[in-house]
Amino acid sequence: MLRPGFACALALLLVSATGRAEDQLRESFDLHVPIAPTPVTTEGRVRLFYELHLTSFSAKALTPVRITVLDGQGRNLASFAGASLTQRLVPVLPETAAPADAPLSIGPGRAGVLYVELALEPQVLPQSIAHAVEYKVGDGTELDTVEGGRSVVQAVPAPVLHPPLRGGPWAAVFHPDWARGHRRVLYAVEGRARIPGRFAVDWVKLDADGRMARGNPDRVRNAYAYGNEVLAVADATVVTLRDDYPEAARISSNGRHRMRDASGNYVVLDLGDGRYAFYEHLRPGSVRVAPGQRVRRGEPIAQVGYSGSGNWPHLHFHLADAPSLLGAEGLPFALSRFRKLGAYEDFAALGKSPWVPHADATSASREGERPADNAVIWFGDEQKVVP
């Protein structure tokens with residue numbers, strides 16, 4: 001048996017012989033991908049949405065300067081540095097004192113989240129991913145690198161669903177860069193931090209000029225979306241619902257809502273295979289189903305309303321892995337068929353001017369895909385824009 005002192009001396013001798021000095025070892029980040037990415041197709045390209053969590057175990061602040069996404073063979077899939085890294089890497093809790101465009105310095109015991117969306121050709125889809133984080137320590141200029149955050153890529157593609165609405169034009173309001181969009185809102189409820197709206201879409205109905213309402217736009221019932229039938233996206237079982245939450249008569253009078261009431265009236269459907277469909281902000285008294293009831297694909301289940309939080313009548317729709325409004329992880333989905341009319345390149349123009357038309361009408365019909373961010377689409381074959 002080796003005596004403790006001799007064992008320590010031997011360890012130091014081995015470190016010296018290999019050239020790895022003790023003071024070169026450094027605690028840095030715990031890298032973790034909480035939810036394995038699942039592929040979903042948008043306009044012919046595969047998109048992977050996921051988050052890399054970086055928790056600092058260092059006694060000094062660490063500032064990432066480059067994060068590289070690698071496939072299972074170590075090949076570079078994407079690299080974020082400078083403005084692209086600053087835009088994607090954000091603290092779990094906002095730091096009001098830090099400049100918005102400054103690199104994120106992650107202090108001891110604190111965490112940041114890197115929001116990743118990869119758009120890949122189908123033949124490039126990796127079986128697994130990993131990450132290399134290059135970072136500075138404290139106020140120094142010395143750089144170090146840590147690798148980790150390994151995760152498999154789910155082989156099962158996103159489910160293809162029936163459209164949740166009819167006709168159009170419907171703006172698929174979503175963009176992963178929005179600081180307070182559904183994509184970047186973590187809720188630590190029921191013992192774990194989750195992103196239920198990771199793939200959520202807010203569906204807003206328009207007319208041919210891109211307006212969202214007829215007449216006085218402050219009156220809720222003047223919105224083109226208001227009262228439209230909401231459809232079951234698959235054969236499913238109703239899990240839970242709410243139908244009695246009041247809504248404001250005017251946009252300007254919709255005040256703040258508690259977190260538990262932000263969804264307003266809702267319906268949750270069990271689609272099977274651990275997937276649940278969420279319909280939120282429904283019109284009070286419009287829900288036609290009951291818990292435990294079986295519904296058929298395409299069957300009307302409620303109407304679009306203005307209950308809960310929101311600055312315009314719309315249908316919030318998302319898929320998640322549990323029947324909990326905030327205690328579930330958002331899952332990707334695709335739609336069986338739709339026609340892309342165009343998109344809003346500048347979201348500020350929504351409701352004020354027409355969208356940018358799709359460049360090639362012959363390729364506007366999409367099947368088994370997720371709509372592009374802020375696309376304007378039409379469900380069904382008969383295209384008659386609201387006058």
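This is a predicted model: local features need pLDDT of at least 70, side-chain atom pairs count only at pLDDT 80 or more; totals for chains, interfaces and linings use all residues.
## Largest pocket

Sorted by class, the lining of the largest pocket holds 17 nonpolar residues, 17 polar residues and nine charged residues.

Several strands contribute to this lining. At least two residues come from each of strand E12 (187–189), E14, strand E18 (275–282) and strand E21 (315–320).

## Arg 198

Arg 198 is found in the loop that runs between strand E13 (192–194) and strand E14 (201–205). With a relative accessible area of 2%, Arg 198 is buried, because the cut-off for that class is under 20%.

The side chain of Arg 198 comes to 3.0 Å from the backbone oxygen of Gly 330. Leaving aside residues up to four places away in sequence, Arg 198 is in contact with Ile 35, Phe 49, Glu 51, Phe 174, His 182, Arg 183, Glu 329 and Gly 330.

## Gly 107

Gly 107 belongs to the loop between strand E6 (89–91) and strand E7 (111–120). The relative accessible area of Gly 107 is 13%, so this residue too is classed as buried.

Gly 107 and Lys 60 are separated by 47 residues in sequence, yet their C-alpha atoms are 6.5 Å apart in space. When residues up to four places away in sequence are not counted, Gly 107 touches Ser 56 and Ala 61.

## Backbone features

Most residues other than glycine have a negative phi, and most peptide bonds are trans. Against this background, Glu 43 has a positive phi of about 50° and is not a glycine. Glu 43 sits in the loop between strand E2 (40–42) and strand E3 (45–56), and its relative accessibility of 36% makes it partly exposed.

His 281 likewise has a positive phi, of about 70°, although it is not a glycine. His 281 lies in strand E18 and is buried, at 7% relative accessibility.

The peptide bond between Gly 168 and Pro 169 is cis, with omega about 0°. Pro 169 forms part of strand E11 (residues 167–173).

Conventions. Residues are numbered from 1 along each chain as its sequence is written. Side-chain values use heavy atoms; hydrogens and water are left out. Helices (H or I, at least four residues) and strands (E, at least two) are DSSP runs, numbered from the N terminus. Buried means under 20% relative accessible area, exposed over 50%, partly exposed in between (1.4 Å probe, protein chains only). Contact means heavy atoms within 4.5 Å. A polar contact is a pair of N or O atoms within 3.5 Å; within protein, one must be able to donate a hydrogen and the other to accept it, and residues adjacent in sequence count only if both atoms are side-chain atoms. Ala, Val, Leu, Ile, Met, Phe, Trp, Tyr, Cys and Pro count as nonpolar, Asp, Glu, Lys and Arg as charged, and the others, Gly among them, as polar.
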